[in-house]
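Visitor: I have the model open here. Can you walk me through a few parts of it?

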Amino acid sequence: MKSYDVAIVGAGLAGLYAARGLYAAGVDFVVIEARDRIGGRILTADGSGLPNEDGFDLGPSWYWPEMQPAMAELVSEVGLKSFPQNSDGDVVFERMSRERPQRYRPTMQEQQSMRISGGTGAGIRAIARELPQDRILLGAKATAMELTDNGVRIAIQGKEAAEEAIEARHVIVALPPRLLEASVSFTPAQENATSKRWRDTSTWMAPHAKFFAIYDQPFWRSSGLSGTAQSMVGPMVEVHDATTASGKAALFGFLGVAAEQREAIGEEALKAACLAQLERLFGAPARNVTAALLKDWATDPLTTTKHDLVASGHPIIQDEVWVTGAWRERLILAGSETSDSEPGYLSGAVTAAKRAVADYLSR
């Protein structure tokens, strides 16, 4: 059985950033990732939804440097380039179905939202390049953890349902607490209050869906529109310009339709309704898509549990410790939702990972 100083569960931003910190400190580690790709809820994809080095962010896409210095520092540390979210032009507001959408000149934003050139996936790739590739295990799902005399034994379900186990003196879990509680069994069991706290912590992005309409050119800009729209009609409640730094044109929107309703309606009908809405908001050219993509995070079992199907708002900062009882000396949580700053955001993932590494090194 292979043994490590630290096993990190989850190869999203938090997990990889924690691995980077441990590697710099000379700690023997391994990263376990259930998906066949790195990134977790960060997924930069092409029009077919496949990972792409210059695509569209199906998960989180923005950060705010002044409000979120941890993310700004990461962008600088790994040599990424960023660009501002397009806000030049009018905003469209759709109040009710029997009225035509109206155009408004937006007020000045207090904080400029920024995007990463190449998508947020570029940040994931940049961190991963600094790590030894044989220490990132893809297609390896942690299913159980057991305390031993020397640390933790982790049961892993690999590809083709093969099972194996590794041992680690400590474990850093970079998953949403709710997903951890639902997908990993513990021996001894977590204390009831701890399990409840994990289960009650909402997972950001889990109940949401994003629709992308991809075009040959950003036609709305020549009409004096920013690509931003808000709607009380739907199915999308807000729309933004998703054009990449390299000029690949797109609009994207957050659906305001609940997860169970989305399942009942079906993907193709939802896509058609979103395209019809874009035509109402931005005119006939909105129909001329080169690709249309719907990413429904509620259907992703490696992100979402049954408790996530009803939107419950953004995660909030919580002061209580995340691990108690017998597990407290061996298990550290590092998912973005556990951050004491900007939980749920990209910046929260960085902050939580830094805290986890510092916690381990202090031990």
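Visitor: At what angle do helix 2 and helix 9 pack?

Guide: Helix 2 (residues 69-77) and helix 9 (residues 346-362) pack at about 85°, and their axes are 7 Å apart. The axes are lines fitted to C-alpha atoms over the stretch in contact, with angles running from 0 to 180 degrees between N-to-C directions. Helices and strands here are DSSP runs (H or I, at least four residues, for helices; E, at least two, for strands), numbered from the N terminus.

Visitor: Which term describes how helix 2 and helix 9 lie to each other?

Guide: Roughly perpendicular. That term covers 65 to 115 degrees; under 35 counts as roughly parallel, over 145 as roughly antiparallel, and the rest as oblique.

Visitor: Which residues make the contact?

Guide: Helix 2 contributes Ala70, Met71, Glu73 and Leu74, and helix 9 contributes Leu346, Ser347, Val350, Thr351 and Lys354. Contact means heavy atoms within 4.5 Å.

Visitor: How many of them are nonpolar, polar and charged?

Guide: Five are nonpolar, two polar and two charged. The classes are nonpolar (Ala, Val, Leu, Ile, Met, Phe, Trp, Tyr, Cys and Pro), charged (Asp, Glu, Lys and Arg) and polar (the others, Gly among them).

Visitor: Where do these numbers come from?

Guide: This is a predicted model, in which local features need pLDDT of at least 70 and side-chain atom pairs count only at pLDDT 80 or more, while totals for chains, interfaces and linings use all residues. Residues are numbered from 1 along each chain as its sequence is written, and side-chain values use heavy atoms, with hydrogens and water left out.

Visitor: Next, strand 14. How many of its residues are buried?

Guide: Seven of the seven residues of strand 14 (residues 209-215) are buried, so the strand is largely enclosed by the rest of the structure. Buried means under 20% relative accessible area, exposed over 50%, and partly exposed in between (1.4 Å probe, protein chains only).

Visitor: Which residues sit on each side?

Guide: Ala209, Phe211, Ala213 and Tyr215 are on one side, with Lys210, Phe212 and Ile214 on the other.

Visitor: And which strands does strand 14 pair with?

Guide: Strand 18 (residues 291-296) runs antiparallel to strand 14 and is joined to it by six bridges; Ala213 has Ala292 as its bridge partner there. Strand 17 also pairs with strand 14 in the antiparallel sense, over six bridges, and Ile214 is partnered with Ala250. Pairing requires that DSSP finds at least two bridges between the strands.

Visitor: Switching to charges. How many salt bridges?

Guide: The count is 23, where a salt bridge is a side-chain nitrogen of Lys or Arg within 4 Å of a carboxyl oxygen of Asp or Glu.

Visitor: What about Glu130 and Arg20?

Guide: Their side chains form a salt bridge at 2.7 Å, N to O. Glu130 lies in the loop between helix 3 (120-129) and strand 9 (136-137) and Arg20 in helix 1 (residues 13-24), so the pair ties together parts 110 residues apart in sequence.

Visitor: Buried or exposed?

Guide: Glu130 is partly exposed at 34%, whereas Arg20 is buried at 19%. Arg20 and Glu130 are also linked with Glu77 in a network of salt bridges.

Visitor: And Lys196, which residue does it bridge to?

Guide: Asp200, with the closest N and O atoms 2.6 Å apart. Both lie in helix 5 (residues 192-200), four residues apart, so about one helical turn separates Lys196 and Asp200. Lys196 is partly exposed at 46%, and Asp200 is partly exposed at 47%.
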